[in-house]
Amino acid sequence: MPDVTADGLRVLFCGINPGLMTAASGHHFARPGNRFWPVLHLSGFTPRLLKPSEQSELPSYGLGITNVVARATARADELTAEEYVEGGRLLTAKVERLRPRWLAVVGVTAYRAAFGDRKAAVGPQERTIGASRVWVLPNPSGLNAHWTAATMAEEFARLRVAAED
């Protein structure tokens, strides 16, 4: 699954890993029930609702997408602890190279596993990677019933405001 990146982005969003539909389509967050694209728009990051097939427009808004783990699975719980740790190591190197203002990991469980931070919660983190700050966002998967699109958009908007400073 190719990343959508550029040097010096405002925010590099980081999914857990590609789902099977995403991997087949070549577009991030492609499953129809995934709320990433609607929440990105509702939070004010994009001026209109983008389709997954329009992901190449993200860098023009100072945004990008990558994943913690590259391997596609039907569900994130199919990933191993070792894959998360290795993914965190590779993600750290990527962030050091690309230097986004913010790394936004979508999924607190994935962030905890990749960076060994068992107490992490949604929101800005103490951790930095080089000069990049880190924010943990709720997982936009339709399987995440703890967050609605509206409450997710509020958290994404908090990051948007912080990224504009």
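**A walk through the predicted domain**

An unreviewed UniProt entry places the feature "domain: Uracil-DNA glycosylase-like" at residues 2-163, and such annotations may be inferred rather than shown by experiment. The model is predicted, with local features needing pLDDT of at least 70 and side-chain atom pairs counting only at pLDDT 80 or more, while totals for chains, interfaces and linings use all residues. Residues are numbered from 1 along each chain as its sequence is written, and side-chain values use heavy atoms, with hydrogens and water left out.

Residues 2-163 are 33% helix and 17% strand, and the end C-alpha atoms of this span lie 24 Å apart; helices (H or I, at least four residues) and strands (E, at least two) are DSSP runs, numbered from the N terminus.

Helix α3 (residues 81-98) packs against helix α4 (residues 108-115) at an angle of about 85°, with their axes 7 Å apart. That angle makes α3 roughly perpendicular to α4, a class that covers 65 to 115 degrees. Where they meet (heavy atoms within 4.5 Å), Tyr-84, Val-85, Gly-88, Leu-91 and Thr-92 of α3 face Ala-110, Ala-113, Ala-114 and Phe-115 of α4.

Technical notes:
Axes are lines fitted to C-alpha atoms, for helices over the stretch in contact, and angles run from 0 to 180 degrees between N-to-C directions. Angles under 35 degrees count as roughly parallel, over 145 as roughly antiparallel, 65 to 115 as roughly perpendicular and the rest as oblique.
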